[in-house]
Amino acid sequence: MRQHRRTTRILGSLLLVTAAGAFAVGAGPAGGTPAGDTPTPLGRVIPAPASVKTGGAPYRITDSTRIHVDDSREARRIGTYLADVLRPSTGYRIPVTDRQGIGIRLKLGSKDASLGDEGYRLDSGRHGVTITARKPAGLFHGVQTLRQLLPAAVEKDSVQPGPWLVAGGTIKDTPRYGWRGAMLDVSRHFFTVDQVKRYIDQLALYKVNKLHLHLSDDQGWRIAIDSWPRLATYGGSTQVGGGPGGHYTKADYKEIVRYASSRYLEVVPEIDMPGHTNAALASYAELNCDGVAPPLYTGTEVGFSSLCVNKDVTYDFVDDVIRELAALTPGRYLHIGGDEAHSTSHDDYVKFMDRVQPVVAKYGKTVIGWHQLTGATPAKGALAQYWGLDRTSAAEKERVAAAARAGTGLILSPADRVYLDMKYTEDTPLGLSWAGLVEVKRSYDWDPGTYLPGAPGSAVKGVEAPLWTETIVTPANIDYMAFPRLPGVAELGWSPAATHDWDAYKVRLAAQGPRWDALGIGYYRSPQVPWTAAG
């Protein structure tokens with residue numbers, strides 16, 4: 001999956017929340033819209049909404065606008081988050097109040113069961129905007145839609161001229177899939193807590209709800225484990241190219257989890273094993289079959305390392321790591337890797353997975369593994385993350401499809417479609433090309449529901465865009481490789497299949513350019529996209 005994987009500014013002050021509700025924005029003047037002021041059409045957002053009905057006068061945010069919230073902590077947090085986005089650019093006070101009135105209104109507890117846990121309804125007209133949801137995540141997603149309906153300048157941190165119009169009409173929106181993820185590899189190159197938070201804010205704008213953190217690999221171990229302290233202090237002391245590396249303390253990791261939760265993202269930690277383990281093997285000699293610790297590794301080759309499957313200490317190690325990581329992780333899942341274990345025999349691989357998967361369950365988590373897990377026996381309820389290519393052998397695809405037919409859920413991450421570290425073109429200065437060149441259209445123009453032959457559509461839980469970091473060193477590198485491809489993957493996960501149309505999508509994507517400019521996101525200006533002059 002990797003050589004296979006080998007060889008500024010944050011989206012507003014999102015101090016937001018865990019809440020469930022709805023909200024409405026302050027009322028605009030009765031005088032209507034001045035000639036020449038054209039609000040963003042309701043359907044020009046990413047991901048494409050499930051249902052859009054246009055009509056009626058737009059709402060104008062003015063210095064009298066208030067955000068009205070339910071009398072709940074969650075709705076108030078989301079309202080405060082929205083106010084923090086709006087205040088710098090509009091220059092307005094925009095109070096958040098639980099007194100009802102005209103303006104922007106956020107309402108939780110909708111009785112509309114069809115909205116589910118993440119859906120919302122947005123109604124806009126002359127006298128206000130109301131966002132309604134059953135649960136806090138839906139309310140938050142509705143706020144992200146409202147942001148995109150406002151001019152891109154709303155994202156700036158200095159006062160802009162406006163006007164601040166929201167087109168009239170109704171959006172009713174629910175996600176196609178429950179898993180809409182992005183993976184960040186912090187092992188090849190380490191990223192700080194603040195840098196991860198910045199990426200979380202970018203993901204939240206496009207309704208991504210899973211942050212998969214690749215916390216260990218040959219080049220670095222990035223999470224403190226009290227019972228095996230050298231994993232972080234020694235195993236985390238370097239990175240690709242020999243830089244200083246780094247690791248997260250348990251407090252650091254908890255802060256990432258907290259921040260992600262406030263944006264309604266669930267953190268999915270990954271400890272890759274039995275391969276991709278050189279950092280662990282270098283830290284503790286007893287984890288090696290010959291009892292000799294290898295040197296730390298700063299290159300980009302894969303497939304050369306393996307835990308010693310036949311040693312009891314290996315499973316003491318695995319139990320301790322999973323126990324401590326599970327205790328830090330409130331989410332449902334723990335990813336155990338399992339890819340590119342070329343130095344582990346098939347029989348040993350099966351033996352290892354048979355012993356490790358029950359450990360994950362023992363500590364209350366559900367197993368996820370890369371799709372090589374289907375070469376063993378996936379645990380009941382496990383998810384397999386497919387990272388194969390269009391050209392992957394029919395036999396390998398059928399093995400994964402057979403596991404799906406037997407009940408294993410699938411997360412689709414085809415490397416030649418959604419690996420964000422693949423070069424766009426031969427001239428792309430960053431990234432790798434082992435899976436192929438992945439321009440924006442190729443990344444978007446496929447259907448997760450029918451992608452894997454023989455796999456039932458019901459087995460597909462969603463999509464995820466991994467970003468491996470062999471060549472990715474800075475947040476600016478992340479921006480350039482993730483944008484503009486990431487929003488398309490988010491749309492594949494959220495929007496109904498009927499909305500997927502490249503010719504329409506590329507126009508909506510082009511309209512995001514000025515927003516990324518306002519947010520300080522330096523993106524790849526693909527010639528496939530009709531970017532606006534300002535974008």
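Student: Is E340 buried or exposed, and what is its relative accessible area?

Tutor: The structure is a predicted model, in which local features require pLDDT of at least 70 and side-chain atom pairs pLDDT 80 or more, while totals for chains, interfaces and linings use all residues. Residues are numbered from 1 along each chain as its sequence is written, and side-chain values rest on heavy atoms, with hydrogens and water left out.

E340 is buried, since its relative accessible area is 3%; here buried means under 20% relative accessible area, exposed over 50% and partly exposed in between, with a 1.4 Å probe and protein chains only. The residue is located in the loop between β14 (333-335) and α9 (346-362), where helices (H or I, at least four residues) and strands (E, at least two) are DSSP runs numbered from the N terminus. The backbone of E340 has a positive phi of about 45°, although the residue is not a glycine. Most residues other than glycine have a negative phi, and most peptide bonds are trans.

K207 also has a positive phi, near 65°, and is not a glycine. Its position is in the loop between α4 (193-205) and β12 (210-214), and K207 counts as buried because its relative accessibility is 1%.

Cis peptide bonds form another backbone feature. One joins G162 and P163, with omega about 0°, and P163 belongs to the loop between α3 (136-149) and β9 (164-166). Another joins F483 and P484, with omega about 20°; P484 is in the loop between α13 (475-482) and α14 (485-494).

F483 also takes part in an aromatic cluster, in which ring pairs link it with Y206, W516, Y523 and W531. Rings of Phe, Tyr and Trp (its six-membered ring) pair if their centres lie within 6.5 Å; planes under 30 degrees apart count as stacked, over 60 as edge-to-face and the rest as tilted. By this rule there are 26 aromatic pairs. In the pair of W228 and F317 the ring centres are 5.2 Å apart and the planes stand at 85°, so the arrangement is edge-to-face. W228 lies in the loop between β12 and α5 (230-233) and F317 in helix α8, so this pair ties together parts that are 89 residues apart in sequence. Both W228 and F317 are buried.

Charges over rings come next. R355 lies over the face of Y315, 3.8 Å from the ring centre, and R485 lies over the face of Y424, also at 3.8 Å. The criterion is that NZ of Lys or CZ of Arg is within 6 Å of the ring centre and within 35 degrees of the ring normal.

On a 1 Å grid over the protein atoms alone, a cavity is a set of points where a 1.4 Å probe fits but cannot get out, and a pocket is an open set with protein on both sides within 12 Å along at least five of seven lines; lining residues have an atom within 4 Å of a point. Points are joined across faces, edges and corners, and a volume is the space filled by probe spheres set on the points.

The second largest pocket has a volume of about 410 Å³. Of the 20 residues that line this pocket, the closest to its centre are H342, H371, Q372, W387 and E396. α9 and α10 (394-405) each supply at least two residues of that lining.

The largest pocket has a volume of about 710 Å³. Of its 28 lining residues, N209, K210, Y264, E266 and R332 are the closest to the centre. The largest share of this lining, 3 residues, comes from α6.

Finally, there is 1 disulfide, a pair of cysteine sulfur atoms within 2.5 Å. C289 and C308 form it, with sulfur atoms 2.1 Å apart. The torsion about their S-S bond is about 105°, so the disulfide is right-handed. C289 and C308 both lie in the loop between α7 (278-283) and α8 (312-328), so the pair ties together parts that are 19 residues apart in sequence. C289 counts as exposed at 59% relative accessibility, whereas C308 is buried at 5%.
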